[in-house]
Amino acid sequence: MYAIVRAGGRQEKVAIGDVLTVDKVEGAPGDAVKLVPLLLVDGADVTSAADALAKVTVAAEIVESAKGPKIIIQKYKNKTGYKKRQGHRQPLTKIKITGISK
């Protein structure tokens with residue numbers, strides 16, 4: 001059984017036991033998180049109706065907080081002496097899927 005969920009502004013395919021890296025989720029390691037299901041596949045049975053998905057719960061647990069890779073932003077204009085350098089690291093959270101129930 002697997003589900004397509006909305007996690008961190010993206011859609012992710014998840015099954016029980018999967019570990020995902022998503023945009024930052026508030027909470028400490030060990031806290032429970034509920035994800036919004038968009039599609040549920042259980043063998044040959046596919047659930048995509050909104051009223052049926054309202055009964056489906058996808059539970060996850062926060063494993064750790066992390067940061068993404070360093071991204072360097074550089075701006076430069078020729079012959080004017082203008083240059084600017086800036087960096088960014090996206091805050092991320094690793095979550096583990098603990099259950100999918102109908």
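**Figure 1. Overall view of the predicted model of the protein chain.** Buried here means under 20% relative accessible area, and buried residues by this criterion make up 25% of the 102 residues in the protein chain. The chain holds 1 helix and 9 strands, which follow one another from the N terminus as β-β-β-β-β-α-β-β-β-β. Its radius of gyration is 19 Å, whereas a compact globule of 102 residues would have one near 13 Å, and the C-alpha trace spans about 65 × 30 × 20 Å along its principal axes.

**Figure 2. The salt bridge between lysine 102 and aspartate 45.** The side chains of the two residues meet with a distance of 3.3 Å from N to O, and the pair links distant parts of the chain, with lysine 102 in the segment after strand 9 and aspartate 45 in strand 5, 57 residues apart. Lysine 102 is exposed at 53% relative accessibility, while aspartate 45, at 39%, is partly exposed.

**Figure 3. The salt bridge between glutamate 64 and lysine 94.** The closest N and O atoms of this pair are 3.6 Å apart; because glutamate 64 lies in strand 6 and lysine 94 in strand 9, the pair ties together parts that are 30 residues apart in sequence. Glutamate 64 is partly exposed, with a relative accessible area of 34%, and lysine 94 also counts as partly exposed, at 29%.

**Figure 4. The salt bridge between glutamate 26 and lysine 24.** The closest N and O atoms lie 4.0 Å apart, and glutamate 26 is exposed with a relative accessible area of 67%, as is lysine 24 at 52%.

Terms used: Residues are numbered from 1 along each chain as its sequence is written. This is a predicted model: local features need pLDDT of at least 70, side-chain atom pairs count only at pLDDT 80 or more; totals for chains, interfaces and linings use all residues. Side-chain values use heavy atoms; hydrogens and water are left out. Helices (H or I, at least four residues) and strands (E, at least two) are DSSP runs, numbered from the N terminus. The radius of gyration is taken over C-alpha atoms; the globule rule is 2.2 Å times the number of residues to the power 0.38. Buried means under 20% relative accessible area, exposed over 50%, partly exposed in between (1.4 Å probe, protein chains only).
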